[in-house]
Amino acid sequence: MKLIFVTALITASLILCAKAKEEPLSFLFGDEEKSPENMTVLEKWESFERGAKRIASGAIKALLPNLMEHSGKMNISSQCMREAMQLIGGIKSIKPWAIRFIDASAKIMDGILTGSMSSFGSYDECVDTMVLSEKSRDKGKLLFQGQYCSIDVTPPLPDKPKFYKLDEVVPELKNFSQGGNVVNEAAKYAHFFHFLTLRLGICVPSGCSVDDINQVIQTVTSRIAISPKVSRCELKQLDDFTPLRIFVICVLCFAGLLLVIGSSIDFYAYYFNKKFLSTTAQVLLCFSMITNFRKFTNTKTSSDTLSCLNGIRFLCMSWIVLGHTYINVNFQIFLGLEKVRSYARDFAFQAVINATVAVDTFFCMGGLLVVYLTVKLVKKGGHEFNIGLYLFHRIWRIIPVYLYVILFMFIGGMMGSGPIWYDSTEKYLQACRDNWWTNLIFINNFYNADNMCIPQSWYIACDMQLYIAVILILLPLLRWPRIGLGLTVMTIIASILCAGVGTYIHNFPPTMLFAHPDPDQRIEYWAKLYFRPFVHAGPYCVGMLAGYLLAVKPDLKIPRVFQWIGWSLAFISNFAVLYGVVEWNRGVDPTFWGGLIYASLNRTAWAIGVAWMIVCCSTGHGGVINYILSWKAFVPLGRLTFIVYLIHPIVQIAIVGNIRTQIQPDHWFAVWIFLGNLCVTYATAFAGSMLVESPLMALEKIMFNKRGDKPNNDTAAIGKKNGILNGTLYTEKNGDIAVIVPNGSDESLGVDNNAVVYKL
């Protein structure tokens, strides 16, 4: 309906402008006796009013015949017709509320030939428009309101192939696209409409349904070979506080209440020099922000052996956030998408495109810490390996924070609105409503992996599966080291083969290339290969070998010649993995063997380079690299990386979903958004740490101390009953192993509490 209004107004305006050539300004000022130069300010405004009414009246006269002709052919609801006629009357009288319907509707987008795909109109102006009765009897009664609708327009296309490239012309249009006119040129980019649309936002009366509007736009475009369709209409609505949302808010408020109570007790005890020894008081003190913040900011460590992990975790997490800043976007918001194609060819940008290997850095560190801690505490410390506690510590570390983020998803719909809010967020919110339970039992990377609650949580499931599976390696490694090391190497080889065979069977590219832009193709690649633990077992086991080496040879000496060779090979390996895809992203097809070898080896090769760096830094051969990575500021930042990993895409998607207008796809703008994402995410993660993570970690110490012997006042010593098996984790010499069960004492902070078994 609105398309007819706008078309009629444009037509009428053109007619009146043409008439103005014969009678200058008479179309605005009419046949005034005075010339504009002789008018007062008031007279000019009155003349403008008469001119505006004349334009509106002309538009309505042009509109009505067409409206009456086609309305009989369409099955439009009576309510929609009634409100449309009221709107027409309002336009003729140039009522502010009626003109807002036109003003809020999209106009032709700028830069459409360079890839601008959308014109959103004014979302807030539309949904805030309320039409009230002016009749004395019902004065002020709401008649109808503005309804914002998105119209998606696509050209005719063949069936979508499984994979297509960024620069690939649709085969059926190759010859046609060689012509010299603008339509031929547009045909070269027709494949983009497999995952994008030309989107227009229009404002219509609230009584018109999606079916009503579809009938109108299909009638208007019946003689044009395009397929317009209304994708969604929405009204301004207040937040709906469902029972589930109320429950989630109450849970979060309860956590906040515990924080306030615990902090108050802590504050009272400090200023009045009181000690609370009861179990209830100790439990409440676990939630004290005062104590937890002191622990959080403590950078003292009893050993610097693995302090390089602090910097690696923070920098790799920042790299992941940067990569997701470019991925977690809705391309409908961009002006000039043509510019994006050039980014894929940029050599330096491969570090962003290929940022998925950053996750394998965490897998490598995970395997390293599991073996390093286990060997130190069991073989070197003389403790037994308790599988039950081995699993319990990990689950206790993950589940509370995990559940906190999942619950937050159930109130995520209250975080914003906008023309692309629904498109950007609803699929993720619905996935959590349907599949939240798969996350809590760590099968979400297998079951409905293409519709996962919190998509980035595939890593947590994958890591947990590997953590459990390596028990089969840890048991022989502790008793028969050669057999255990042999199994580790065999697992690495099997992982390499699985990655290659999986890529070959599914006919996937060597890795998810920017040259393959379709989101559905990416999801298929992720769900069927990338999310599975088999392809990440290689990096995990590489880390296990490095962890075993550091545990049994903490004073490893590496000759200078071998250092130069090792650093050179590590640099070449990681550089090749990161930038070896540049020609493929520029449009060159990978050869069969080249692609297969890269798909098989890239993640394991990357992990070998990372493992070398960690071993060198941990044994005194890291030089300036170790100095940078061991910077004390990374210690508290590293403590937040688990929560940051879980919530940063939520922050990014919420920011994108709230965008109201188009933006330029520019690297400087992306970096600005990235820095904002990073700050907001770490601030939110800090809140989550104070509310949930730190209290539960302290609570675990109390829980296990009730079961076993309480720790000796001399925290530098450790008894066998006071180790991993009985729930505390003070260390003998190396503070970096005091991590599986974090303690409340200051001595357990720093790297001890940072280099947790759960790497993130």
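Guide: Let's start with a rule: a disulfide is a pair of cysteine sulfur atoms within 2.5 Å. The model here is a predicted one, where local features need pLDDT of at least 70 and side-chain atom pairs count only at pLDDT 80 or more, while totals for chains, interfaces and linings use all residues. Residues are numbered from 1 along each chain as its sequence is written, and side-chain values use heavy atoms, leaving out hydrogens and water.

Visitor: What makes Cys149 and Cys233 a disulfide?

Guide: Their sulfurs sit 2.0 Å apart, and the cut-off is within 2.5 Å, so the pair passes. The torsion about that S-S bond is about 115°, so this disulfide is right-handed. Cys149 lies in strand S3 (residues 142-154) and Cys233 in strand S5 (residues 227-234), so the pair ties together parts that are 84 residues apart in sequence. Strands, by the way, are DSSP runs of E with at least two residues, and helices are runs of H or I with at least four, numbered from the N terminus.

Visitor: How do you know whether Cys80 is buried or exposed?

Guide: Look at the relative accessible area: under 20% is buried, over 50% is exposed, and partly exposed is in between (1.4 Å probe, protein chains only). Cys80 has 2%, so Cys80 counts as buried.

Visitor: Why is the link between Cys80 and Cys208 called right-handed?

Guide: The torsion about the S-S bond is about 85°, so the disulfide gets that name. Cys80 is in helix H4 (residues 78-92), while Cys208 is in the loop between strand S4 (198-205) and helix H8 (210-220), so the link ties together parts 128 residues apart in sequence.

Visitor: How many disulfides does the structure hold?

Guide: Four. Another of them joins Cys432 and Cys453, with sulfur atoms 2.0 Å apart. Cys432 is in helix H17 (residues 421-440), and Cys453 is in the loop between H17 and helix H18 (458-469). Number the bonded cysteines in sequence order and the pairing reads 1-5, 2-4, 3-6, 7-8.
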